[in-house]
Amino acid sequence: MTANSGLWNMEQRFSPLLPQKLFLNNNDCSIWEVGANIRAADIEEFMGMYPNCHYHGYEPVPIFFTQLEHYWKSGVRKEKSVNLALHNYGIDSHDATFSVSKAALKGEGTYLGNGNDVGGIPIKIKSFDNAVEDAGGIYPTLFHVNCEGCEWDMLSNLLRLKSFRKIPIIQFGTHNYGKTVGERAWELCRIREKLAESHVMVYGIAFGWERWVLKTLSS
């Protein structure tokens, strides 16, 4: 599924975040982008909508992270980055380190899977709880994921955590990488089933974007 596909509902992820009181004129709001890549482009878009929020961008691939840091140190972005913290690791339910070959890194996006290639590029993962600690103990108001396939394992693992299921808004894009479409569709059903215990879907399509809001906030 390419970003240009009409079925990839990419613009919906920037629809107003509700309830607005969590984000508008609220200096305590925190937006996390997992899979920031080389620009944290979604963070930049959200900054225009919610300039008072605190932002965290997560990119575990070292060569992408170097470009990401450079991007936010230049020009007008340097001024906007006052409320932005960049983190050179991914997020899961537990700490981990593995490596991937350079061949696995395809342009600006990559599906890392769970490989451990000898002599490859080291990838660091931190537990959600440790990521919260790095963020000053502040949990995300919006947990926003576009990580080219990492969402499958990550969400399946994180949804086992009570702390994660308390996040007000969880938003993610799903990709049909790594397994057959049928296998991924089955995994998506399981993720949605687990999310539905604590959240309500606002919108969503398979292998596109979907947004889930905490049940206590959706009425």
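Is Cys147 buried or exposed? In this predicted model, Cys147 is buried, with a relative accessible area of 12%, a value under the 20% cut-off for burial. A disulfide joins this residue to Cys150, with an S to S distance of 1.8 Å.

Distant parts of the chain are linked by the pair, 24 residues apart: Cys29 belongs to the segment before strand S1 (30-34), and Cys53 to the loop between helix H1 (41-49) and strand S2 (54-58). Cys29 is buried at 0% relative accessibility, and Cys53 is buried with a relative accessible area of 0%. Counting bonded cysteines along the chain, the disulfides follow the pattern 1-2, 3-4. Cys189 is partly exposed, with a relative accessible area of 46%.

Turning to the strands, an open sheet of 3 strands shows mixed pairing and the order S4-S8-S5. Strand S4 (90-92) and strand S5 (96-100) each have a single partner strand and stand at the edges, so one side of each lacks a neighbour in the sheet. On average, neighbouring strands of this sheet are turned by 35 degrees against each other, direction ignored. S4 pairs with strand S8 (residues 121-127) in the parallel sense, over 3 bridges; Asp92 has Ser127 in S8 as its bridge partner.

How values were computed
Residues numbered from 1 in each chain as written. Predicted model: local features only at pLDDT ≥ 70, side-chain atom pairs only at ≥ 80, totals over all residues. Heavy atoms only, no water. Pairing = 2+ DSSP bridges. Helix = DSSP H or I, 4+ residues; strand = E, 2+ residues; numbered from the N terminus. Axes fitted to C-alpha atoms, helices over the stretch in contact; angles between N-to-C directions. Buried < 20%, exposed > 50% of the residue type's maximum accessible area, 1.4 Å probe, protein only. Disulfide = S-S within 2.5 Å.
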